Amino acid sequence: MASIIVLDDVADAAIMIKRILSRQGHAVEAFTEEQQALDFARENPVDLAILDIKLLKMTGVEVLEELKKIAPTVRAIMLTGYPTLETARQALELGANAYCVKPIDRSELESTVAAVLKA
Amino acid sequence: MRLISRLKFQTKISVGTFLIVVAVALMTAVPVSRMASRAIIAESRGRGLALAENLSLRLADAMLTQDLLRMKTMVDELTAVGDDTVYAFVLDDTGAVLAHTFKKGFPVQLKAANAADGKGASVRLLDTGAELVYDFAVPVVISGRRFGTARLGLSRSRAEAEVNSLLFTFGGLSVAAMAAALLLSSMFARRVARRINLLKEYAQEVVRGNLDIETTSTLKRNCWEIMQCGRSQCPAYAMPRHRCWHMHGTLCPDCAPADGQVRKSCVRCPVFRANAGDEIQDLSETFGIMASTLKRQIGALGQQQQLMRTILDATPDLVCLLDAQGRFLAVNRAYAAFLGRGEAEIIGRTEADFFSPDESAERAAKNRAVLCSGMGKQAEIRVHTARGEQWFHEVNVPVRDAAGQAMGVLKTARDVTEVKSIEEKLLQSQKMESLGKLAGGVAHEINTPLGIILGYAQLLQDDVPEGGQISEDLRIIERQAKVCRKIVADLLGFSRQHESSMVPMDVNESVSDVVSLVRHTFGLEKVALELDLDEALPAIIGDREKMGQVWMNLLNNARDAMPGGGAIRIRTRRREAEGVLAVSVADSGTGISPAHLDKVFDPFFSTKGVGEGTGLGLSVSFGIVQNHGGTIEVQSPAPAEFRPGSADGLDSGKRPDGGNGPDGGNGPGRAGTVFHVLLPLSCPAPAPAAAPIFPV
């Protein structure tokens, strides 16, 4: 099973994703603070990061950029409630593996995570 | 006087000249005749006196010698000398007759009829019964003593016969002169009258409207030939029927301007001396120039009128001119068309003849207000016509006469129905934009909690026994949360269509970006994506984000049309002939029924079940494309060349795993539907204010 971090400025949303993916057997850590998530990634191996685009201090794209410096092999799924082609392209250029629009469906989340981890 | 004034000019000249000659003849002949007759009579008396005195002198000797024979001879000689001597006789101092010329005896009464008193002669006029006779009595005096009287009778009738002869001659000459005068005056009058009649005919032609008259003849030598000037720019040059001295702006150095001084300089000019005619000729030439000037001015005026008429008739505004009583003086073509009448039917009538009583009263009140105040007024008015309700921007201004008095109202009305409609649409658009922003803001805020509700509803279903009431309730919560999610997504799209950022963009790149975004998701739903891109597409000016949304909407729409999976083919082409760039998105679904084809772009139109779509996707796409100056067309079934799986340009390398119409679903080859997005090659700047939110 994979080690996954979830970063969302709304704690309930992050916890919900953690609940869904934990049931799949993944080790999931939920964060609302960008720095905490990056610190965790520095200290622990992370297979997948699920990042909201709109965060408290940074954008999800900026966090992805930082994360890739810490763990270049980490995979990423971007989440946003306000999708734009610009952020989608930036995220894909930085190595994001999927770009999903909120609110994300449970089955969509599970299948996307499965596909990204399998790829 | 009336009779004289009705006489023809020729008759007047003839009669006038004749009467002048008669008057002159009478005035000269009568006094001359009188003078001549007096002179003849006086000469006759003088002659008789001279004869009598001469007889008296010659009688002296014969009286002294009492030679009666000699006396007789002497008196007989006198009667022989002139025809007019009627008689002669001699009396002695006692009054006895010494000699006489009477053949039938001496009439004794004659002795006392005249007497020479003293020594002087006496002349008396005697009436013999047959004629009048001057009787001359001259005393015969010798050495102061009177010896007798010599008497001589001279016929006055004969002198008068001479006078009459003279008068007859005078009369005859006068009559001959009058006849000659009558003849000559008639000839002169005819000549003058003929030229004046010619001018009268010219004038009548001008009155009849024929201004192409030639009142003058050509000349033997024209001015440019006499002067050998060669100035072809001169207005008199090559104008053989126009005399240079009547024209303005001639270029001869010696020519004075054609004003009051013209003739002074022309008198010495060889052209004038060679070609000038009399006053009638001048009048005729001036008349000809006047006619040609009139023709030129009428032509210019006609052109001006035509120009004004063209301008008035070409304008789509309704223009009319009313007099102070509200009668139509003039209307333009648009106004006549508005009333549905001919221009001739409208002129002279009032607005009351064409509008309802209420409307005409309102219009009359407006006209009065303009006339009374002398100030123009403008307003937007609503008119109910056969074509429905129309809005006009009406401008009424007073028209003043030369004295500055308002004599009528000039009314112009511009049809602003479309502007009004656009204004209303703009207002509606602004309302919808505000609504969209509000909805977008609310939707965005709802998204996150909605996602959590949806997620936990799904999670909880794992924790309760399947088939139980709680599980069923959670499924309902999940289903309705998904409905909310779809509504929110549509509302977000709807709220974002008004923002715009136009930059040069590559359509192929935009399409590829969207395809790469959805390829994975579509692959999961067994929907294959084929790309057939024209690599030579030019860049267009557009909003990358909005166009991406259009591709996304079309792709989602295509996917939704194939619930069991299928293929989507995206083809980009440049259509040079139409000046557009076409992006065609074709699916292999079941197609759209003809009844629904013309409704697919209507907002909130959807064939999907309740809770599966808001019907805003295509409508939003249509609005975006329209803002880019383009349009979206739909064809169902799709023509063969657009269908997925057609031979050319199949992007098989990018086909996702498991795609290409599995399980006998909506596989490639089925007719399906194709949407063509047509964008102008040189995309104009967007006009969001004028663009409707929803296609109509």
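Two residues are in contact if their C-beta atoms, placed from the backbone, lie within 7 Å. Helices are DSSP runs of H or I with at least four residues, strands are runs of E with at least two, and both are numbered from the N terminus. Keep those in mind for what follows.

Some housekeeping. This is a predicted model: local features need pLDDT of at least 70, side-chain atom pairs count only at pLDDT 80 or more, and totals for chains, interfaces and linings use all residues. Residues are numbered from 1 along each chain as its sequence is written, and chains are lettered from A and ligands numbered from 1 in the order in which they are written.

Chain A, briefly. It has five helices and five strands. From the N terminus the order is β-α-β-α-β-α-β-α-β-α. Of its 119 residues, 45% count as buried. Buried means that 20 or more other C-beta atoms lie within 10 Å of the residue's own; 12 or fewer is exposed, and in between is partly exposed, with C-beta atoms placed from the backbone. Among chain A contacts with a separation of 6 or more, 60% are between residues 24 or more positions apart.

Now chain B. Its secondary structure comes to 18 helices and 17 strands. Buried residues make up 30% of its 696 residues. For contacts in chain B between residues at least 6 apart in sequence, 66% join residues at least 24 apart.

Where do the chains meet? The contact takes 22 residues from chain A and 20 residues from chain B. On the chain B side, helix 13 (417–463), helix 15 (507–524) and helix 16 (544–560) each give two or more residues. Helix 13 of chain B gives the most, with twelve. By class, the chain B side divides into seven nonpolar, eight polar and five charged residues. Here Ala, Val, Leu, Ile, Met, Phe, Trp, Tyr, Cys and Pro are nonpolar, Asp, Glu, Lys and Arg are charged, and the others, Gly among them, are polar.

Take two of those helices. Helix 15 and helix 16 of chain B pack at about 40°, with axes 9 Å apart. Axes are lines fitted to C-alpha atoms, for helices over the stretch in contact, and angles run from 0 to 180 degrees between N-to-C directions.

Five strands form an open sheet in the order 2-1-5-4-3, with antiparallel pairing. Two strands pair if DSSP finds at least two bridges between them. Strand 2 (97–100) and strand 3 (122–127) of chain B stand at the edges with a single partner strand each, so one side of each has no neighbour in the sheet. The twist averages 20° from one strand to the next. Strand 1 (85–92) and strand 5 (145–155) of chain B are joined by seven bridges. Helix 3 (68–81) of chain B lies across strand 1, strand 2 and strand 5, at about 160° to strand 1.

Last stop: strand 14 of chain B, residues 566–575. Seven of its ten residues are buried, so strand 14 is largely enclosed by the rest of the structure. Strand 14 of chain B runs parallel to strand 12 (527–532), with six bridges. In that region, B:Asp532 stands opposite B:Arg571. With strand 15 (580–587) of chain B, the pairing is antiparallel over eight bridges. Four residues sit between the strands of this hairpin, and B:Gly579 takes a positive phi near 70°.

Beyond four places in sequence, B:Arg574 touches B:Asp534, B:Ala536, B:Leu537 and B:Leu581. B:Arg574 and B:Leu681 are 107 residues apart in sequence, yet 8.3 Å apart in space, C-alpha to C-alpha.
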